[in-house]
Amino acid sequence: MTQQTGRRRLTAAGLALVVTLVALLAGTGCVASRQEPGQATAAVADALAEAGSAGETARIAVGLLDEGRVTGPVADTVLLDQLRVLDDAESALTTLVPPDAATAARRSTGLDAVGDVSDAVVAARSWVAVRSGGDLAGADGVPSSSDDLLVELATALDATDAALAEAGGP
């Protein structure tokens with residue numbers, strides 16, 4: 001085999017690999033999606049519904065801990081799970097490619113609402129830590145009582161509900 005024949009085979013193998021990769025990538029949809037306005041609005045509504053559910057679950061966990069019906073570690077685990085849901089909702093909104101200005105505005109409002117719920121759930125985790133004996137004395141953002149925390153969660157959930165209604169959700 002000559003050196004030139006070896007190069008041709010290597011070039012042909014490389015070309016075949018590139019063609020195969022392009023075909024695979026095209027089949028997996030790794031290209032940024034361009035959605036129609038209705039689809040994008042539905043994606044915003046879905047993310048906001050998830051954020052609202054996470055906020056409601058956090059509210060229930062705080063209430064159950066305050067009533068002594070769950071332990072601090074259980075409440076903290078529930079809240080940590082809700083932060084993961086909120087992270088997914090934020091990721092869905094962040095990666096959305098809005099097709100028009102109205103959808104972009106809904107996405108921006110949705111990101112703000114999801115951020116507010118996330119902040120409230122983070123505050124809830126701090127409150128749970130203090131309630132469970134953690135030493136967060138002087139830490140910023142730790143609600144002094146469950147009532148303060150529930151008001152913070154309710155405010156964040158109201159913003160989420162308003163953004164969801166704007167996006168055409170339930």
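Visitor: Which helices each supply at least two residues of the negative patch?

Guide: In this predicted model, those helices are α4, spanning 101-131, and α5, spanning 146-166, each of which supplies at least two residues of the negative patch.

Visitor: Staying with α4, is Ala 104 buried or partly exposed?

Guide: Ala 104, which is found in helix α4, counts as partly exposed because its relative accessibility is 27%, whereas a buried residue would have to fall under 20%.

Visitor: How far is Ala 104 from Val 44, going by the C-alpha atoms?

Guide: Their C-alpha atoms are separated by 9.7 Å, although the two residues stand 60 residues apart along the chain.

Visitor: Switching to the inside, which residues of the largest nonpolar core touch the most other members?

Guide: That core has 33 residues, and the ones touching the most other members are Leu 48, Leu 79, Leu 86, Val 114, Val 121, Leu 149 and Leu 153. At least two core residues come from each of α2 (37-66), α3 (72-95), α4 and α5, with α2 giving the most, namely 11 residues.

Visitor: What about the whole chain, how many helices and strands are there?

Guide: The chain has five helices and zero strands, which read along the sequence as α-α-α-α-α, and 29% of its 170 residues count as buried.

Conventions: Residues numbered from 1 in each chain as written. Predicted model: local features only at pLDDT ≥ 70, side-chain atom pairs only at ≥ 80, totals over all residues. Heavy atoms only, no water. Helix = DSSP H or I, 4+ residues; strand = E, 2+ residues; numbered from the N terminus. Buried < 20%, exposed > 50% of the residue type's maximum accessible area, 1.4 Å probe, protein only. Core = buried A, V, L, I, M, F, W, Y, C linked by side-chain atoms within 4.5 Å.
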